[in-house]
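Subject: Structure for your review

Dear colleague,

Please find below the structure that I am handing over to you. My notes on it follow directly after the sequence and the coordinates.

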Number of protein chains: 2
Amino acid sequence: MRVLGVDPGLTRCGVGVVEGVPGRACTLVDYTVVRSDPDADLADRLFNLDVALAELVARHRPDAVAVERVFSQHNVRTVMGTAQASAVAILAGARAGLPVQTYTPSEVKAAVTGSGTADKAQITAMVTRLLKLDAPPRPADAADALALAICHVWRGGTRSKLAAAAAAAGGRRGGQR
Amino acid sequence: MRVLGVDPGLTRCGVGVVEGVPGRACTLVDYTVVRSDPDADLADRLFNLDVALAELVARHRPDAVAVERVFSQHNVRTVMGTAQASAVAILAGARAGLPVQTYTPSEVKAAVTGSGTADKAQITAMVTRLLKLDAPPRPADAADALALAICHVWRGGTRSKLAAAAAAAGGRRGGQR
């Protein structure tokens, strides 16, 4: 399963692509950060992000897209741009006909570090180790996007197992995947 | 000049299309509200809005798109969805190669009622009168979208006139209104 993870941001949008199966180590496919000029016109910024993400989806042909869920508790000055960037990321997946899943930051942290309150350095360290990289991915937005993609591979597996178990137990409604 | 105005919302997104020239009465072309189920998947909701807005842009072929600017001062529970819907609306214009302009609610209110603190009822009443409609557009989201479109026609004109006046006066910088 190949997953494209997006850590949404208008100025810096992290994108990470990994491949893997639940319960095993994932392998790195690619990561990048899509940047836009904070002084540029909002329509241009959103459009450039849209074009860049569509191109990445077309190039890597992921099976699913995972996007960090945005909360209004974030810094109120940046949250609007983050919400708008997340909409562009979700659309990039939906328009390609792919399943799109959102995860909270603490779900991602828990999936890759075991702790929902891990800091950025821990995330980066774990992503580096899990993907057997020679050096930490930079900038941190890329590490977060890779963590999202890993989270989706692993959580998808857990959900599938739960669904299978539920089905085996007599057709009770299972998880979502 | 034909303008498509969007009052962004995830559950109800108002769209209004008017035609006109600065300083004259505008005429109604169309208005509608794109709805989505609050219980539906976020990706489906954004994608459906994207498809609906793209279709409206293709059908009405506006010269510009005007979108209400979203502020974080809004209700914090709905502001994320509004920000995401506004991104979809801005993209719908940008992807069609159209100029996209955002306006604050008070700019729109001032343009159509003369007061930046007008309430919804005043906006609806003025839009009804300005477009010579037999009955107020319903729901109010549609009236707000029409007000945005009227605002853009008029403001665009005002800006051009001010710019021309400033140029005639010897290149002094004109005001923005």
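In this predicted model, A:Arg2 has A:Glu19 of strand β2(A) standing opposite. The strands concerned are β1 (residues 2–7) of chain A and β2(A), which run antiparallel and are joined by six bridges. Together, β1(A) and β2(A) make a hairpin, with four residues between the two strands. On the subject of pairing in general, the strands of a sheet are held through backbone hydrogen bonds, in either a parallel or an antiparallel arrangement.

Strand β2(A) also pairs with strand β3 (residues 27–35) of chain A, again in the antiparallel sense, and eight bridges connect β2(A) and β3(A). Within this pairing, A:Cys13 stands opposite A:Val34 in β3(A). How far is β2 (residues 12–19) of chain A enclosed by the rest of the structure? Six of its eight residues are buried, and β2(A) is therefore largely enclosed; buried here means under 20% relative accessible area.

For chain A as a whole, there are five helices and five strands. Their order from the N terminus is β-β-β-α-β-α-β-α-α-α. Chain A has 177 residues, of which 50% count as buried. Among the contacts in chain A with a separation of 6 or more, 62% come from residues 24 or more positions apart.

Just after α2(A), A:Gly97 adopts a positive phi of about 80°.

Turning to chain B, five strands form an open sheet in the order β3-β2-β1-β4-β5, and the pairing is mixed. Its edge strands are β3 (27–35) and β5 (100–103) of chain B, each of which pairs on one side only. From one strand to the next, the twist averages 20°. Strand β4 (residues 64–68) of chain B and β5(B) run parallel and are joined by four bridges. One bridge partner pair there is B:Val67 with B:Thr102 in β5(B).

Helix α2(B) lies across β1 (2–7), β4 and β5 of chain B, and runs at about 170° to β4(B). Helix α2 (residues 79–95) of chain B also packs with helix α1 (residues 42–60) of chain B, at an angle of about 35° and with the axes 9 Å apart. The crossing of α1(B) past α2(B) is right-handed. From α1(B), the residues that meet α2(B) include B:Leu46, B:Leu49, B:Asp50 and B:Leu53, while those of α2(B) include B:Val88, B:Ala89, B:Ala92 and B:Arg95. By class, this contact of α1(B) with α2(B) has nine nonpolar, one polar and two charged residues.

Finally, B:His152 is placed in helix α5 (residues 140–168) of chain B. Is B:His152 buried or exposed? B:His152 has a relative accessible area of 9% and is therefore buried, as the limit is under 20%. Leaving aside residues up to four places away in sequence, B:His152 touches B:Met1, B:Val3, B:Ala64, B:Ala66, B:Gln101 and B:Tyr103.

With kind regards

How values were computed: Residues numbered from 1 in each chain as written. Chains lettered and ligands numbered in written order. Predicted model: local features only at pLDDT ≥ 70, side-chain atom pairs only at ≥ 80, totals over all residues. Heavy atoms only, no water. Axes fitted to C-alpha atoms, helices over the stretch in contact; angles between N-to-C directions. Left-handed = near helix turned anticlockwise from the far one by under 90°. Contact = heavy atoms within 4.5 Å. Nonpolar A, V, L, I, M, F, W, Y, C, P; charged D, E, K, R; others polar. Buried < 20%, exposed > 50% of the residue type's maximum accessible area, 1.4 Å probe, protein only. Pairing = 2+ DSSP bridges.
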